[in-house]
Amino acid sequence: MTQITIKTESSFPAKGELSEYGFTFSYSEAEDEAVLFDLSQDFCSKLVPKEPVGSFFKELRKIDLQKLLWEEEKIRRADGFYLIVEISSDSRNLSLELNNPSMQIYKDDGCEESFKFLELVQKMTKFAKEQGVDFELEEELGNGLSH
């Protein structure tokens, strides 16, 4: 079983409190469908089509996460907005936190792996929204999608 969670955190929460805001895809090659958890709904789950969720995980495997971590060192801008992506597969877990994840900034600074990663996050977010999850990334994240 493989899972990926996409959520955001802000240093300036709108309601004065931090709460989980995002979603999780749970995927297994053996299953006919994937599961989508809406974190804002106390882990309310919904079965969703296996594709495109399976293709998201295949795309993720093509991204060099080690390179992504090193590219993050180039980005020194902060706006109080964080994109948090947690990946787990069986007993292995990885958590990535991107500060001010503007696609245009990553593209301009030559952070190709990070840019590809953010494009994938954007695709997953769009699919989750189509499935009824109320989740928005900062508008700035969408900048630079056309390249």
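How far apart in helix α4 are Glu-113 and Lys-116? Being three residues apart, Glu-113 and Lys-116 are separated by about one helical turn of helix α4. Residues are numbered from 1 along each chain as its sequence is written, and side-chain values rest on heavy atoms, with hydrogens and water left out.

The protein chain contains four helices and six strands, where helices (H or I, at least four residues) and strands (E, at least two) are DSSP runs numbered from the N terminus. Along the sequence, these elements follow the order β-β-β-β-α-α-β-β-α-α. Of the 147 residues in the protein chain, 45% are buried; here buried means under 20% relative accessible area, exposed over 50%, and partly exposed in between (1.4 Å probe, protein chains only). Among contacts (heavy atoms within 4.5 Å) between residues at least 6 apart in sequence, 56% join residues at least 24 apart.

Confidence comes next. pLDDT, the predictor's confidence in each residue on a scale from 0 to 100, has a mean of 83 over the protein chain, and 81% of the residues reach 70 or more. Over residues 143-147 pLDDT stays under 50, and the model has 12 contacts beyond four places in sequence for this stretch. Where pLDDT is low, the predicted coordinates should not be read in detail.

The interior can be described through its nonpolar core, a set of buried Ala, Val, Leu, Ile, Met, Phe, Trp, Tyr and Cys residues joined through side-chain atoms within 4.5 Å. The largest such core has 36 residues, and Phe-23, Phe-25, Phe-117 and Met-124 have the most contacts inside it. Helix α4 gives the most to this core, with eight residues. Leaving aside neighbours within four places in sequence, Phe-117 is in contact with Leu-60, Ile-63, Leu-65, Leu-68, Val-85, Leu-96 and Leu-98.

Rings of Phe, Tyr and Trp (its six-membered ring) pair if their centres lie within 6.5 Å; planes under 30 degrees apart count as stacked, over 60 as edge-to-face and the rest as tilted. By this rule there are seven aromatic pairs. The rings of Phe-25 and Phe-56 have centres 6.0 Å apart and planes at 45 degrees, so this pair is tilted. Phe-25 lies in strand β2 (residues 22-27) and Phe-56 in helix α1, 31 residues apart, so the pair links distant parts of the chain. Both Phe-25 and Phe-56 are buried. Tyr-27 and Phe-57 form a stacked pair, 5.2 Å centre to centre with 15 degrees between the planes. Here too strand β2, holding Tyr-27, is linked to helix α1, holding Phe-57, across 30 residues, and both Tyr-27 and Phe-57 are buried. Ring pairs also link Tyr-21, Phe-23, Phe-25, Phe-56, Phe-127 and Phe-135 into a cluster.

The structure holds four salt bridges, each defined as a side-chain nitrogen of Lys or Arg within 4 Å of a carboxyl oxygen of Asp or Glu. Glu-59 and Lys-123 meet in one of them (3.1 Å, N to O), joining distant parts of the chain: Glu-59 is in helix α1 (residues 50-62) and Lys-123 in helix α4 (residues 112-130), 64 residues apart. Glu-59 is partly exposed at 28% relative accessibility, and Lys-123 is partly exposed at 43%. In the pair from the opening question, the closest N and O atoms of Glu-113 and Lys-116 are 2.9 Å apart. Glu-113 is buried at 8% relative accessibility, whereas Lys-116 is partly exposed at 37%. Glu-136 and Lys-129 form another salt bridge, with the closest N and O atoms 2.7 Å apart; Glu-136 is partly exposed at 45%, and Lys-129 is partly exposed at 37%.

Two backbone details complete the picture. Most residues other than glycine have a negative phi, and most peptide bonds are trans. Glu-51 and Pro-52 are joined by a cis peptide bond with omega of about 20 degrees, and Pro-52 has its place in helix α1. Asp-90, a residue other than glycine, has a positive phi near 55 degrees. Asp-90 is found in the loop between β5 (81-89) and β6 (92-99) and counts as exposed at 61% relative accessibility.

Conventions. This is a predicted model: local features need pLDDT of at least 70, side-chain atom pairs count only at pLDDT 80 or more; totals for chains, interfaces and linings use all residues.
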